[in-house]
Amino acid sequence: MAGGYTGKILRIDLTKKSVSTLDSEKYQEYGGGHGMGSAVFWDLCEDKTISAFDPKNVITIMGSPFSGTLVPAASGRTEVQGIGPQAWPDELFTRSNFGGRFSGQMKWAGYDGIVVEGAADEPVWVDIRDDKVEIKSAEGIWGLDTTESQEEIWRIVQGGIGDEWREVGKGRTTQRPAVLTIGKAGETKSRAAALIHDAGNGAGQGGFGGVFGAKNLKAISVIGTGSVEIADPKGLMDARLWSMDYSVGGHLTEYEPKGMGSMFGGAPASGAAGYAPADQPKSPMGCLGCHKNCRSRFESAASNGSSCVDYFFYHVYDQAAHGSYTQHILDATEALQRYGINSYQAEAALIWLNNLSKAGILGPGLEIDTKLDFTKLGTSDFAKEFLDMMANGYDVGEALHEGVAYAAEKWGRYEEDTKSGILPIQCHGYVQHYDARTEVEWGYGSLVGDRDINEHDFNTLVFWAPSIATLFGAQPDCSADQLAEIMGEKLSPYNDPMMMDYSDEGIYSESMAKLVAWHRHYTRYYKQSLAMCDWAWGDFFNAYGPEGRGMTGEGEPKFYKAVTGIDQSFEEGMETGRKIWNLDRAIWILQGRDRDKEVFTDYNYEVGAVPGYTTYEVPYVVPMHKDGKWSYESAVGRMLDRDKVEEWKTKFYTLEGWDPATGWPKRETLEELGLGHVADDLEAAGKLGK
Amino acid sequence: MARELTTPSPELAERLLREVGQAERLTGLKMSVMGGSNPIALYSLAQVASFLKIGTYEQAIRANNQETVGYIDLKALQIWVREVLMDEELADAIADEMVAGEPFGIVAPRVREILMTRAVQVAPFRDPDEGAAEAAADGVADGDTGDSE
């Protein structure tokens, strides 16, 4: 067994109320995390076309070889997979991910991951203390919000809330168990329900909270007293210290925050603290082993541990109502976390409902009848009432409980409102996160996958930094020339600088197909299987690095070798990512995905990408290659061309070794990746690419 | 120092305090690295004044930045103030700030101060039961322009 792995995956069958283990070495070729989860799902979920709420749905909760170790920004992430109910119109096998310390406790208890099968006949929770695992009645816990649920489980496991030394299994600890739980939204099987861990860590996208509810599973608690075997402890320590040279933490004596672009190098500060009253004392907090600490906690304790995205569903309304951020936004976010609701769904719903309210469509006695009083928008009372409706499924929440896409269909507004864009669903029922018309790699990645990718690898370099610089009449630290040069070096195996061309021609090019493919393969392996945090990795441009070069390409295999002892090249890891990506693709194909279903909503083709209006500087600036030169230029007003998107899809499918007519993987592609058994199943289903 | 504006008439104050209809709304762009970029509909002077927000360049480009930029096209804002709110003086003041052609990040904080100044002027005309808008004025009175976040 290589270092970093425990060798066991805990297998819990809620129907049979049985506990066993799987040999994780069988799945080690997938790295861990997502790859291991996809392979386990493939093996254990016999019918992949079932509903997310079917007891036979298989949920994997996986750590990685890096979990619970010193690998920076990789120790505390946990990957969740299974069939999720959020996607529309078809439910899809999907993923989500949360931070904190769950994966570390899971590893220290002796497990590389947890698989949940079946459904209990009454509410239960799972109590894991090292190798002692019990499925217990959730009487007294079911009905509690996510904070209360965790506190009650801490009380049960610890015999109180104290932090004194306690005997657990064969060891001792002062740690609290790590608990993953659902709130009211999950209990009522909402498609917008999240899994919550500690105060503010959540796996929101996918709707896995509702799946827990369908399984009558209130929570999983884990505490371990073991440790993770490291192949080369000194090598790991050396690698960690080496990596700190790429962050502000390694340059404290010459402290000078460098410009945007490097996610890894960011100052250890809590940006989320910005969404609080200016005079409220606050401090940063972070996930297990992380050097960045990007979350926050406040004197009032409301919303502690939340990340900035958890505030976005409401912060602009608090600001609009009160002139600045107040206690209202902290209390609203606290309520969101306690109900266990996906913040992206709540945000999109409020943007949309507010528009419908102003249009005279939604309101008391109107076409969409509600008792919500939008004159109170911005107050925490309004937020709590709205979230209570979403979680419990009444008033507008009767429809929104199913998510915004399902609500739009129920209200007969899907076509009109996604055409105008007031309901900004990008594709597959997921709302726009970044604009597919301008930052196309984000949109394309979501289009050919299962969900909003929410992967910021290129985002800060190709969109944020140049757009913000433009708003100040400045130039980004990383010029467009340098960006193309660095990406040409680092995006192996393609090594094509033209992958950075976001011009009107470049976004439909073979090079853009390579960029999207590279991104899918990199994230599937390094970020979701080795669990390297999206808010730190990949590291391409880094102002602290030699000639602006970040660690990606060198850092990932360095840490992998130190932890596991396996000398794997960066490119070999990318190939594993391609294998995982194809395995996921095969599952989606079995669930009904094909080329015809990979289309954006109408506004992407029919409404220009505008920040409201376009007469001043516009914040839609991206790298372009024109007349042989690189520059950052505005893409404002751009619409996607339907025919050219279709041509791009053909290029992408061809590059991936999929059938251009259907988007289905070909046998030779799958066999080359060691997935011959997957090809057999696709062929049996009549869905193998030609 | 915010530019001085003459005291608005009760009629103008009433217009500036009410919310406009959906067809007359102004759209801003909420920009945040983790959360993405999404349009936000704005319906009143107070909403616009509090939404328009950008820190310094150093703050905005700081790696690990999680803060939000509230972007509004300034020319569109000026036209909206003139034609929808029908506040010629405020529109002229915004236009004056834009004359030099400075970038948004430089001009926007000054425009926000002007908008806030007007919001404070009209606050006494508001229904005293409207607590939310009152709080908006309090934020301005406390010197909170939002730039220090």
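This is a short tour of a predicted model, stop by stop, for use with a viewer.

Residues are numbered from 1 along each chain as its sequence is written, with chains lettered from A and ligands numbered from 1 in the order in which they are written. Local features need pLDDT of at least 70, side-chain atom pairs count only at pLDDT 80 or more, totals for chains, interfaces and linings use all residues, and side-chain values use heavy atoms, with hydrogens and water left out.

**Stop 1: aromatic rings**

Colour Phe, Tyr and Trp. The whole structure holds 35 aromatic pairs over all chains. Rings of Phe, Tyr and Trp (its six-membered ring) pair if their centres lie within 6.5 Å; planes under 30 degrees apart are stacked, over 60 edge-to-face, and the rest tilted.

Select A:Trp537 and A:Phe559. They pair edge-to-face, 6.2 Å centre to centre, with 85° between the planes. The two residues are 22 residues apart and link distant parts of the chain. A:Trp537 lies in the loop between helix H17 (510-527) and helix H18 (555-564) of chain A, while A:Phe559 is in helix H18. Helices (H or I, at least four residues) and strands (E, at least two) are DSSP runs, numbered from the N terminus. Are A:Trp537 and A:Phe559 buried or exposed? Both are buried. Buried means under 20% relative accessible area, exposed over 50%, partly exposed in between (1.4 Å probe, protein chains only).

Next, select A:Tyr444, A:Trp581, A:Trp588, A:Phe600, A:Tyr605, A:Trp648, A:Phe652, A:Tyr653 and A:Trp658. Ring pairs link these residues into a cluster. Stay on A:Trp581: A:Arg520 lies over its face, 5.8 Å from the ring centre. Then go to A:Trp42. The charged end of A:Lys48 sits over that ring, 4.5 Å from its centre. A charge sits over a ring if NZ of Lys or CZ of Arg is within 6 Å of the ring centre and within 35 degrees of the ring normal.

**Stop 2: the second largest pocket**

Select A:Asp198, A:Ala199, A:Gly200, A:Met285 and A:Asn304. Of the 23 lining residues of the second largest pocket, these are the closest to its centre. The pocket holds about 490 Å³ of space. Helix H3 (146-158) of chain A gives the most to the lining, with 4 residues. The lining divides into 6 nonpolar, 10 polar and 7 charged residues. Ala, Val, Leu, Ile, Met, Phe, Trp, Tyr, Cys and Pro count as nonpolar; Asp, Glu, Lys and Arg as charged; the others, Gly among them, as polar.

On a 1 Å grid over the protein atoms alone, a cavity is a set of points where a 1.4 Å probe fits but cannot get out; a pocket is an open set with protein on both sides within 12 Å along at least five of seven lines; lining residues have an atom within 4 Å of a point.

**Stop 3: the largest cavity**

There are 8 cavities of 30 Å³ or more in the whole structure. The largest has about 790 Å³ of space. Select A:Arg77, A:Asn97, A:Phe98, A:Gly202 and A:Asn454, which lie nearest its centre among 48 lining residues. By class, the lining has 20 nonpolar, 19 polar and 9 charged residues. S5(A) gives the most, with 4 residues.

**Stop 4: helix H8**

Select A:327-339, helix H8. Its 13 residues should span 18 Å at 1.5 Å a residue, and its end C-alpha atoms are 18 Å apart, which agrees. (The expected span is 1.5 Å times one less than the number of residues.) Its buried residues include A:Ile329, A:Leu336 and A:Tyr339. Just after the helix, A:Gly340 takes a positive phi of about 75°.

**Stop 5: chain B**

Chain B has 7 helices and 3 strands. Of its 149 residues, 58% count as buried.

How values were computed
Points joined across faces, edges and corners; volume = space filled by probe spheres on them.
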